[in-house]
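Biologist: I would like to learn how to read a model like this one. Please take me through it feature by feature.

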Amino acid sequence: MPWILQRETQSSRAGVAVIAGVLVIILCAYALLEAAVRAIGQPPWLIDPQTAAQRIVALPEGIPPLLLGVTGGVVFMAGLFFFLSAVLPGRKARHILQDPRAGVLVDDEIIAAALARRARLAANVTPEQVMVIVSRYQAVVNVRPTSGVPVRHDDVFAAVQDELTRMAPSPMPDVRVNLATSGVVGA
């Protein structure tokens with residue numbers, strides 16, 4: 001069961017792999033086409049493979065510096081995109097809940113809704129006055145109190161922390177509570 005949970009919390013890299021594969025196929029097909037056209041004695045479609053190889057060896061000769069810089073920047077950005085896609089962990093916005101009988105995955109939005117409800121009850125405010133953002137390692141609770149009604153930071157923090165402890169998501173996010181300095185008129 002753990003491999004299925006791991007698979008469901010990690011993003012697929014199939015799209016990036018398909019893009020890389022299509023680019024390589026197009027480049028190889030073009031090189032094959034130019035080589036075939038040259039083999040039968042026809043003029044090249046864009047550039048003769050031998051001429052292209054000679055120009056690459058002679059770089060930066062014959063190319064304006066601006067064009068060379070822009071081309072280098074584009075190639076660098078494409079390479080950086082593919083490198084970071086391969087190295088960095090892709091993560092879906094989900095947490096694993098511990099259950100002895102089954103694997104349970106919960107979207108971060110569901111956890112945020114539960115934490116917002118507990119924070120709202122602890123602060124005694126309306127649902128519009130609480131906003132919760134849950135990420136992999138942090139849950140940020142923003143509360144805008146009603147004007148004239150004090151809200152204790154510790155009460156909201158304890159309620160949210162208790163709800164997270166009862167859920168026991170993996171990985172457990174740290175809680176941060178922000179109380180707005182200005183309140184909402186009426187409730």
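Biologist: Where is the place of I56?

Modeller: I56 is in helix α3, residues 49–57. Helices (H or I, at least four residues) and strands (E, at least two) are DSSP runs, numbered from the N terminus. The model is predicted, so local features need pLDDT of at least 70 and side-chain atom pairs pLDDT 80 or more, while totals for chains, interfaces and linings use all residues. Residues are numbered from 1 along each chain as its sequence is written, and side-chain values use heavy atoms, without hydrogens and water.

Biologist: Is I56 buried or exposed?

Modeller: Look at relative accessible area: buried is under 20%, exposed over 50%, partly exposed in between (1.4 Å probe, protein chains only). I56 has 59%, so it counts as exposed. Its C-alpha atom is 66 Å from that of P145, which is 89 residues apart from I56 along the chain.

Biologist: And S12?

Modeller: S12 sits in the loop between α1 (2–9) and α2. Its relative accessible area is 62%, so S12 is exposed.

Biologist: How do α2 and α4 cross?

Modeller: Start with axes: lines fitted to C-alpha atoms, for helices over the stretch in contact, with angles from 0 to 180 degrees between N-to-C directions. Helix α2 (residues 14–39) and helix α4 (residues 65–87) have axes that come within 11 Å and cross at roughly 140°. Therefore the two helices are oblique to each other (under 35 degrees is roughly parallel, over 145 roughly antiparallel, 65 to 115 roughly perpendicular, the rest oblique).

Biologist: Which residues of α2 and α4 make the contact?

Modeller: Contact means heavy atoms within 4.5 Å. From α2 come V16, I19, A20 and L23; from α4 come F81, F82 and S85. By class, that is six nonpolar, one polar and no charged residues. Ala, Val, Leu, Ile, Met, Phe, Trp, Tyr, Cys and Pro count as nonpolar, Asp, Glu, Lys and Arg as charged, and the others, Gly among them, as polar.

Biologist: What about α5 and α6?

Modeller: The axes of α5 and α6 come within 8 Å and cross at roughly 145°. Residues that meet there include I111, A114 and L115 in α5, and V156, A159 and V160 in α6. By class, this contact has eleven nonpolar, no polar and five charged residues.

Biologist: Which residues does R118 contact beyond its sequence neighbours?

Modeller: R118 is in helix α5, residues 108–123. Leaving aside neighbours within four places in sequence, R118 is in contact with A159, D162, E163 and R166. R118 has 18% relative accessibility, so it counts as buried. A polar contact is a pair of N or O atoms within 3.5 Å; within protein, one must be able to donate a hydrogen and the other to accept it, and residues adjacent in sequence count only if both atoms are side-chain atoms. The R118 side chain makes one with the side chain of D162, at 3.1 Å.

Biologist: Where is a peptide bond cis?

Modeller: Go from L59 to P60: that bond is cis, with omega near 5°. P60 is in the loop between α3 and α4.
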